[in-house]
Every structure is written in C-alpha cells, then in structure tokens.
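Please look through the structure shown here. The paragraphs after it go from single pairs of side chains to the contact between chains.

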Amino acid sequence: MKLYEYLAKEEFRKFGIPVPPGRVAASPEDAAAAAREVGRPVAIKSQVLAGGRGKAGGIRFADTPEAAEAEARALLGTELHGHAIDRLLVEEKLRIDRELYLGVTVDGAARTPLVITSVRGGVNIEEVPEKELVKRHVDPTWGLQPYACRQVVRRLGLGGPVGRQVADILGRLYQVFRSRDAELAEINPLVVSGDRVIAADARLNVDDEAAYRHKDLPRVEEGTELERRVREIGLSYVELDGDIAVMANGAGITMATLDIIQAYGGRPANFLDAGGGASVEPMAQAVEVLVSTRPKAILINIFGGITRCDDVANALVQVRQRVGIPMPLVVRLVGTNEAQGVEILRREGITAYRSMDEAAARVVELAKGAA
Amino acid sequence: MAILVDEKTRVVVQGITGHQGAFHARQMLDYGTRVVAGVTPGKGGEEVHGVPVYETVEEAVEKHGANASAIFVPAPFARDAAFEAIDAGLRVVVIITEHIPVHDAMQVMAFGRSRGATIVGPNTFGVISPGKSKLGIMPNPIYRPGPVGIVARSGTLSYEIAANLSGAGLGQSTVVGMGGDRVVGLGFVDVLKQLERDEETRAVVLVGEIGGTAEEEAAEFIKGMTKPVVAYLAGKSAPPGKRMGHAGAIIERGRGTFESKVKALTAGGARVAGFPWEVPDLVREALGQAAG
C-alpha cells in the first residue's frame, strides 16, 4: 500500500524527521486557510499516487493565501496522470540550496534491507548513475546503527552540521521503514536550506501482508474498481487492454496462459489467478466479474493440484445459472478430480480440453470469429 | 541421491492440526514421506493421522530425531514457527505459508543464515524427490523418478511442466519450489549448485518468471555448469509496473523484464523454450547431446 505524501509526512514527523510546516486541504478556501497558518510563501501539492507531479503541473506555488486559493481552485477536481486530485498538501515553500536523496528498500537478491543515498536528489533516482549512489545493506537483526549512517554520510562527501543532520535523518528513516513494515521509505528530495535539512517529499509504501500490524494507518486503495472488486473476493486480478478474459490457477501458469494467447495472436483482457485451492463460491464470483467485462471470449485454464476440477466445473455451472455466460467459453481442465469435472461440464454441453495449447488456440480463434 | 529431501528425511509438520496442515500431512504420508511428528502449540498430546502432536519442535527432535520441517501455520505466526524450527537445529525448513510480511521473511533468512539452515520459501509448493519423499503441497500423481532436476518460482506452472516431462518418459530427481515472494530462502543458484553435484540429476529445468534478478544470476552460474539447462519463463506479455500475482513478479523501473532474462539465460548456455510443452523435447535433445 502506497501512502499519500501527506500521510507519509505525518509518519516521518512522528519519527522526528523534519518536514515543512503545512497541512492537507480539500477545498480552495481551506487551502487559503492553510497558507495563512504557514504565514510564508507556500507550495501546493496534488496528493495523488503518481510520480512526476511537478513536471505534469501538479505542484504550484503561491506567495499569498489568495494566490494559494486560486491555485487550489485550478487543481482540485482535475486529473493528474489519470488520478483525480481531491486533496492538496499546502506547506512552506523551501529555499533550496541542495537536493539529496535518501531511500530504504528491500533487496530481494540479498534478502536484506538496502539503503540507497545520493547527493544527486530531486531527480528520478533510476536515472542517477551507479557511481553517484552510496549504498549499504543492513542486517535486519541489528538494524542501521548510527555509525553506519555516519559512514554513509562521509561517503556522500557531506560534513559539518548538514552531515550530522543527514546522518540523523537516515537513522530515523530506517526506523520508519522497520516500524511500519515498509517496502520503501524514501525522501526525494531531502533539501538543504541554509543550515536546515528538511524532507521536501516523502514516500512510504507499506507491505500489504503486514497491514494487520498497522490498523492505525488509513487504507489507501489502489487499482481500478474492477481490480478492487476481485481483490475483495481474495483473488489476484490485473486489468489488461485485450478482449479475451482469462482465469487460471497459480500466478506462473496464469502469466504463461496470457503469453500463449498473445503468441497465438490474441489479446488477453486480464490476469486472474484463482490461486491454489480456491473453493466454488469465490471462483464463481470471479468468473462473474469476467463475464461483466463483456470480453469476446473466456478461457479457463486449470491444472488442478489443490484446486479441484469438479469445484471449477461447479463454479462455471453456477455462473451460467445465475447470470449466464453469453460469450464463447473455453475450458481446459486437468488434475485432481478431472473425470468428475469433465463430466459436469459435458452435461452442460461444454467439452473440456486437456491441452493448454489447443485451448489457447481455440479461444483466440473464437475471439477473432466474434470480432 | 536427489537433493534436500529423500527417503531418510524425518519430517515434522508445524501446524499439523490446521485444515491445510492436516490435509497435506495426509498427502505426504500417502506419498511415503516419513512424517514423524506434528507441532501445534496448545494441541500437544493429540494425534493427526496417527502422527503424534507436540507443543514444541524441540520435543519432536528429541523424541523422533526430526531433521526437516514443513510449515503450514498462518502468516502472523509463521515467523515464530520458522525461528523455532531453525533454533531446534532442523536442516531443511520448508515454509509453505503465503502472505508472510516481507520484514518477517528477512529476519527468518538472517537467522537461518546464522545457523546454516536451508530455508525453502515462503509461499512455495515445497520440495519433492519423486519416489522418495515430499515436503509440500504438490499433487502426488504427476511425478516420476528420473534424471531431470526442476527448480521453479511457481507451483502450478512447474506441475504443468513436470506432468509434461513424466508423460514424455522423463522422470525427475528433485523438484524444488523457491516460492513466489520477494524475499525467499533458497535461490536458483543454490539449487543449481546442488543439482550440478547430484549424481542422479543429468539435466536441469529452470522455470522462472518476470521480476527481480534471480534468473540473470542463475544465467551466470549456468555458464560454468556441466549439465544441460532448459528454461521456460512466464510473463512475456505482462505490462510493466503491474504485480502479476506473485509479490516478486513485477517489472519495476525497466528491470526484471522477460527479454533481459531470456537474453541472459541464452548467453549462459541454457535452451529457452517458447512454450511449456516444448520443454520435454528440449530436455531430450540436451540429454542426447550430453550422452553423445
């Protein structure tokens, strides 16, 4: 779960990381009030989960509360990279002497947290050459000790009061990362303004699997409405731009199914992993979602291990009875309780395929025929 | 031979009294796995399928000489269960549980490393040495003993490929599921090293997918292997920035792409199959060449 900047900054503030004074506002009048509270020129920042807000015009500046109100009026209700802008962060506009980068992330290859820092902040960190990054793996048992932060700061070539502040902030950033089960905690840019060092932006992505440990955090919903609906059923769904709807069981085989459809000249409409061992009802609900998207054809590809073929067949029968399946349906069914599953479908007039190859070829043919 | 598990492996099932644990303990017993004990805190003294249940892993080790574990406990308790298994000195710890927080996984891996334990998973279908033993949730009927080692990130896709191989008369030495999470214990290179040493294994099938750099690292190792490697990768059609089911299956910032992995594996000397059903022919071809 990605947190909005203002929520991430609230967290950072709790952990003692300096952030600019300001607050979130949802109306032009409120933005003016927030600017008045700050009492200085302000930045007005769209709160959307998209990068490159500045370039896209989602960040404005105002010297007076009246100007802040006008800028807020111009932003609220519009869209940025497809995300509706309904909240703004109004905070002190910083005088920028220098922009740094601090981040803590999970390194899957090393199986440990990884600190990434650079004196080239304020730009997309992926575009900063490797030699200008200072990185350090962290043993999760001991965490990021103060000496390690000082080491990083020295390698960055920073010293004096600024260096000391950066080291302190890095230690606190690791604390946020650790305490909040984050996949990413990032300050970009960390601004040096005179003798102050302040987090001008904040990103905090919290591991969804650890959400149960962070019930005090507000839920930030991502993805399309359809993706959320299927996620509520407890299955994994990604919307794609094609016209052949797909359900398979297991992430790998679902991806492979999409690949094969594409290789045969078809266009998959979605990724839907029914998972291992899903029972009849969630599968039926998921297929209903597929039907509701009005694809040209549907492919169900099941290699039953813990998933039982008869459960899959019964789910399909239920969907037929409840809402109907008006588009062509191709089913590939092998594995646990295969004979029962195939028989249930035969009684419904559906011939199940045994091979993934033939089923994929057939669904592409049917989708093209329906065009 | 085979790697990681065989007919001598003495298994404790952690979470054996739960729905999943009980079901798969039954399947493992049916397959011939020596399930010597179960552990569920609060249920010590009970029996599941005739297997004694204990309060602690330590007791299962003392009384039955357990040396490996299959963990089925729910995610919020899985870190504790894994620490307990490692602390009790178990050699192989297979974490079947999915949805484990990534910070928990990192701590488990650090502890496992400090104790020299082999951790498989989390979010894995487990490990099977066909005809000998299995620790996991894979379907029993699809495997045959034979010369092909399989290492995979994904369960069902590896079932598909194992079934294809068995159907073509190509049995398997050991099949290892690494798990679909971002942080897992055993990686491709660890498994490849062991398969390269294993006398029974004559060819290796690697089943990978988009995301991360595990396949690229494997490709480097494959360059120095004497045994042929056939690879199949899923996710060619996946759009960047979307998490395709597995936490680790995401193309981020231009990294972890299908093309990069195919390129690396091909350069490493692996034969990369375009479709899953092409794997058996490529294996046969590779074995023929290796023999000739």
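In this predicted model, the side chains of A:R322 and A:E288 form a salt bridge, with N and O 2.6 Å apart. A:R322 belongs to helix α9 (residues 309-322) of chain A and A:E288 to helix α8 (residues 280-292) of chain A, so the pair ties together parts that are 34 residues apart in sequence. A:R322 is partly exposed, at a relative accessible area of 42%.

A salt bridge can also sit inside one helix. A:E227 pairs with A:R231 in this way, and their closest N and O atoms are 3.9 Å apart. The two residues are four residues apart in helix α6 (residues 225-233) of chain A, which means that about one helical turn separates them. Their surroundings can be read from their accessibility. A:E227 has a relative accessible area of 4% and is therefore buried, the limit for that being under 20%. A:R231, with 41%, is partly exposed.

Another salt bridge of chain A joins A:R308 and A:D311, again with the closest N and O atoms 3.9 Å apart. A:R308 is partly exposed at 35% relative accessibility, whereas A:D311 is buried at 15%. Salt bridges can also share partners, and in this way A:E5, A:K9, A:K45, A:R53, A:E91 and A:D201 are joined into one network. Over all chains, the structure holds 50 salt bridges.

In helix α2 (residues 28-38) of chain A, the buried residues are A:P28, A:A31, A:A32, A:A34, A:A35 and A:V38. Which part of the helix do these residues line? Seen down the axis of α2(A), they fall within an arc of 160°, so they line one face. That buried side packs against β1 (22-25), β2 (42-46), α3 (65-75) and β6 (88-92) of chain A. The face turned away from it carries the exposed residues A:R36 and A:E37. After α2(A) comes A:G39, whose phi is positive, near 75°.

A:R111, A:M255 and A:F303 supply 18% of the area that chain A buries against chain B, more than any other three residues. The contact takes 47 residues from chain A and 53 residues from chain B.

Five salt bridges cross this interface. One of the salt bridges in the structure pairs A:R111 with B:D190, and the closest N and O atoms are 4.0 Å apart. Across the interface there are also 13 residue pairs in polar contact. Which element gives the most to the side of chain A that touches chain B? It is α7(A), with ten residues.

In chain B, B:T9 lies in the segment before β1 (10-14). Is this residue buried or exposed? B:T9 is buried, because its relative accessible area is 2%. A polar atom of the side chain of B:T9 lies 2.9 Å from the backbone nitrogen of B:D6. Leaving aside neighbours within four places in sequence, B:T9 is in contact with B:L4, B:R34, B:N67, B:A68, B:R91 and B:L135.

Methods
Residues are numbered from 1 along each chain as its sequence is written. Chains are lettered from A and ligands numbered from 1 in the order in which they are written. This is a predicted model: local features need pLDDT of at least 70, side-chain atom pairs count only at pLDDT 80 or more; totals for chains, interfaces and linings use all residues. Side-chain values use heavy atoms; hydrogens and water are left out. Buried means under 20% relative accessible area, exposed over 50%, partly exposed in between (1.4 Å probe, protein chains only). A polar contact is a pair of N or O atoms within 3.5 Å; within protein, one must be able to donate a hydrogen and the other to accept it, and residues adjacent in sequence count only if both atoms are side-chain atoms. Contact means heavy atoms within 4.5 Å. The arc is that of the directions from the helix axis to the C-beta atoms. Buried area is the accessible area (1.4 Å probe) that two parts lose on being put together, summed over both.
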